[in-house]
Amino acid sequence: MSIQAVIAQAQEYLRAQNISGWLLYDYRNMNPIFWDTVGNIANVTRPCWLWIAADAPPRLLVSYVDQGRFTHLGIDTTLFVSRQDMTARLGDMLASADRIAMEYSPQGALPRVSRIDAGTLELVRSFGVEVVSSADLLQHATQRWNGEQLQSHLAAADALGDIVLQAFRRIGDTIDESPTEFDIAEFIRQRFIEEGMVVTDGPVVAANAHAADPHFEPTEENSSVIRRGDWILIDLWTRQPHEDAMFADITWTAYVGDSPTSRHRQVFDAVIGGRDAAVEMLEQAHRKGKTLEGWQLDAAAREYITQAGFGDYFNHRLGHSLGREVHSNAVNLDGWETHDTRQLIPGIAVTIEPGIYLPGEFGVRSEIDLFMGDSGPRITTQVQRDVVLIDC
């Protein structure tokens, strides 16, 4: 998305919420939201400010040392030469403002948004302005997908759906060769390359007790050999390689053989039920014309899993924002690690991924992706309905 589009969408939101402007600040990459907004600019070594006023052209305030690095943005730029000069010019820039948004979250409640240090917050408040959180603003201005971005996500989602099933087949085909969790992770990474997708961190390939670690990452040293009778969890994510491509992210589970235990099925069914309870809540809200907040979906899934007897073993949020990063800057489905009151607005995407983790035994997670379209929520990935049985 171009910076001009971000500015236009930000100003739309600012006017609607009676906020004077959005003040983005960065020093040495402490605020990635600044760079998500302006784009990647190398070797900026001094503090920099972007002021997006609700009813006036945007302005940049950057160091004399970094002059020229921002000229391609076409934004009016003021240079400062000292700390005193920067402070004076910042005060002038905010002279007509009363309420401004920054990457601030009261009491650090939303860590993804909480990017401004206390001293900088004190400085800005010294100009007599009220500082409010930019959490909803940045979601509106920077995290809503356009049609091309959605299509890039759908391509990644299709690839993941195929590759996870190929990985399970790979286990079955090589079971007599004692494949390890690391071997299957390597297979997945190679398939990403063959499909023209990016390889980032991961994937998670976890057998038995390793599946009770939500972010287990197999290495050659820590991997277990996969055998008949094992429970397998695979979590994988990727996107196309171009700059504006959106991630997809899924998790599936399988059993090596034809008869998982009743315990496996009981936990699997509880996870699937929690996932579907959240989806149904969102679909019902859309039919009634209601907009939900992230924590509400978390609560729906958590209530279902608790009633199934496994609430003590669901120890992470229900889901996260998806975008250019696999964990992006829009609303998270979270009433557990945080209390995310941001709304699920059209144009954003999230994962829905409840999990139950029994220490020393196994874990189950079922992860799907969901895009909020103008016509309602849309599941964009394949949906696992039953345990995959790995024929061997």
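The following conversation goes through a predicted model and the definitions behind its named features.

Trainee: What should I know about numbering and confidence in this model?

Mentor: Residues are numbered from 1 along each chain as its sequence is written, and side-chain values use heavy atoms, with hydrogens and water left out. Because the model is predicted, local features need pLDDT of at least 70 and side-chain atom pairs count only at pLDDT 80 or more, whereas totals for chains, interfaces and linings use all residues.

Trainee: What makes a space in this structure a cavity, and how many of 30 Å³ or more are there?

Mentor: On a 1 Å grid over the protein atoms alone, a cavity is a set of points where a 1.4 Å probe fits but cannot get out. The structure holds 1 cavity of 30 Å³ or more, and the largest cavity has about 40 Å³ of space, a volume being the space filled by probe spheres set on the points.

Trainee: How do you know at what angle α8 and α9 pack?

Mentor: Helices are DSSP runs (H or I, at least four residues), numbered from the N terminus, and their axes are lines fitted to C-alpha atoms over the stretch in contact, with angles running from 0 to 180 degrees between N-to-C directions. On that basis, helix α8 (residues 262–287) and helix α9 (residues 294–307) pack at about 145°, with axes 8 Å apart. The residues that meet, with contact meaning heavy atoms within 4.5 Å, include Gly273 and Ala277 in α8 and Ala300 and Tyr304 in α9; by class, this contact has 10 nonpolar, 3 polar and 1 charged residues.

Trainee: Why is the crossing of α6 and α7 called right-handed?

Mentor: A crossing is left-handed if the near helix is turned anticlockwise from the far one by less than a right angle, and right-handed if clockwise; the crossing of α6 and α7 is right-handed. The axes of helix α6 (residues 147–173) and helix α7 (residues 181–194) come within 10 Å and cross at roughly 145°.

Trainee: What makes β14 and β15 a pair?

Mentor: Strands are DSSP runs of E with at least two residues, and two strands pair if DSSP finds at least two bridges between them. A hairpin joins β14 to β15 through 2 residues, and glycine 373 has glycine 376 in β15 as its bridge partner.

Trainee: Why are β4 and β6 said to stand at the edges of their sheet?

Mentor: The open sheet of 6 strands has the order β4-β3-β2-β1-β5-β6, with mixed pairing. β4 (76–80) and β6 (130–133) each have a single partner strand, so one side of each is left without a neighbour in the sheet. Strand β5 (residues 99–102) is joined to β6 by 4 bridges and runs parallel with β6, and arginine 99 stands opposite glutamate 130 in β6.

Note on methods:
On a 1 Å grid over the protein atoms alone, a cavity is a set of points where a 1.4 Å probe fits but cannot get out, and a pocket is an open set with protein on both sides within 12 Å along at least five of seven lines; lining residues have an atom within 4 Å of a point. Ala, Val, Leu, Ile, Met, Phe, Trp, Tyr, Cys and Pro count as nonpolar, Asp, Glu, Lys and Arg as charged, and the others, Gly among them, as polar.
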